[in-house]
Amino acid sequence: MAGNSQRRGAIAKGRKKGATAGTGGNVRRGLEGKGPTPKAKDRPYHKAHKAAKAAEQRAGGKPRKRAAGEAEWIIGRNSVVEALRENVPVNGLYVAEGAERDGRLREAFQLASEKGISLLEVAKVELDRLTGFNGHQGLAARIPAYEYAHADDLLDRAAETGEQALIVMLDQVTDPRNLGAIVRSAAAFGAHGVVIPERRAAGVTAAAWKTSAGAAARIPVAQTVNLTRQLKAYQDAGCMVVGLDMEGDVDLPGLASPDGLADGPLVIVVGAEGGGLSRLVQETCDQIVSIPMANSVESLNAGVAASVVLYAVAEARR
């Protein structure tokens with residue numbers, strides 16, 4: 001075939017003998033070696049390369065932020081307008097062709113214009129495909145994947161401000177609205193960051209962004225593979241680790257008293273409502289603190305419990 005005769009080093013039968021002009025160099029280049037195979041640690045996708053990078057970070061290299069994954073969609077007119085009002089970081093507003101221009105759509109357009117967000121009009125079937133859902137009411141907002149901080153960076157953030165570290169860590173909290181509420185409280189009461197598990201836990205999704213009322217843009221959220229290991233790292237750095245549980249060793253007033261633990265570098269660990277702290281995490285804590293209540297309420301919502309303790313610590317530090 002004609003295509004085969006053009007391949008490097010191929011010989012076309014039926015033609016006159018002799019070199020074809022311009023083919024010699026191509027053949028020689030095709031036979032040249034490509035140099036020695038790179039060492040395993042120099043190949044980006046080899047596990048040895050990843051291990052070397054991890055060791056470099058532990059030795060003081062600057063940890064890189066990690067994205068949560070793919071971008072996310074907020075769909076529906078009310079949800080999009082609320083997200084824009086709460087300063088969720090929308091990087092594109094999509095409207096279906098022919099969508100009815102009601103008050104909510106006009107408000108979304110106005111907010112997008114004020115915030116410099118691009119507005120794209122697409123066919124309804126295309127919006128169905130992008131969002132994976134046909135109940136979007138002709139409006140959707142695209143938010144980028146969240147970039148998580150490294151858990152060690154939170155201590156650096158406290159040092160840069162000259163303050164005693166105050167970090168909130170979540171154990172088994174799976175509701176993104178609880179995460180958003182805790183991020184909001186952490187920002188309001190002067191915490192230097194929030195740490196969450198990488199797996200089996202709520203992440204910074206659209207729901208968490210909305211509940212945080214934009215606080216997720218003002219305070220870093222870090223992910224860690226192993227909560228217990230990270231708690232020990234914080235302890236080695238001089239932090240006192242306090243877990244919240246109904247069966248605490250001390251009541252909250254004791255933690256926040258003048259001779260309590262609130263004045264030094266502190267990590268507050270919040271467990272899931274009902275489930276509380278996992279066994280290993282609880283055993284790693286230096287102190288278990290409970291919030292005294294007037295009646296027999298079983299437990300507080302994780303977001304509410306975190307807010308109460310953060311307020312008490314903030315008051316004690318003033």
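How many aromatic pairs does the structure hold?

Guide: This is a predicted model, and within it there are 4 aromatic pairs. A pair of aromatic rings is described by the distance of the centres and the angle of the planes, and two of the pairs can be followed in those terms. Tyr146 and Tyr148 make an edge-to-face pair, with 5.0 Å from centre to centre and 75° between the planes; both of these tyrosines are buried. Phe189 and Tyr311 form another pair, whose ring centres lie 5.9 Å apart, and because their planes meet at 70°, where over 60 degrees counts as edge-to-face, this pair is edge-to-face as well.

Returning to the tyrosines, Tyr146 and Tyr148 are linked with Trp209 by ring pairs into a cluster.

Turning to the strands, an open sheet of 4 strands runs in the order β2-β5-β3-β4, with mixed pairing. Its edge strands, each pairing on one side only, are β2 (72-75) and β4 (119-122), and from one strand to the next the twist averages 25°. Within this sheet, strand β3 (residues 92-96) and strand β5 (residues 139-143) run antiparallel and are joined by 4 bridges, with Leu93 having Ala141 in β5 as its bridge partner.

Helix α3 (residues 77-85) lies across β2, β3 and β5 and runs at about 115° to β2, whereas helix α4 (residues 103-115) lies across β3, β4 and β5 at about 150° to β3.

The mean pLDDT of the chain is 80, and 75% of its residues reach 70 or more. Over residues 1-20, however, the pLDDT is below 50, and that stretch has 8 contacts in the model beyond near neighbours in sequence; residues 25-35 also have pLDDT below 50, with 4 contacts counted in that way. Where pLDDT is low, the predicted coordinates should not be read in detail.

Methods
Residues numbered from 1 in each chain as written. Predicted model: local features only at pLDDT ≥ 70, side-chain atom pairs only at ≥ 80, totals over all residues. Heavy atoms only, no water. Phe/Tyr/Trp six-rings, centres within 6.5 Å; stacked < 30°, edge-to-face > 60°. Buried < 20%, exposed > 50% of the residue type's maximum accessible area, 1.4 Å probe, protein only. Pairing = 2+ DSSP bridges. Helix = DSSP H or I, 4+ residues; strand = E, 2+ residues; numbered from the N terminus. Axes fitted to C-alpha atoms, helices over the stretch in contact; angles between N-to-C directions. Contact = heavy atoms within 4.5 Å. pLDDT = per-residue confidence, 0-100.
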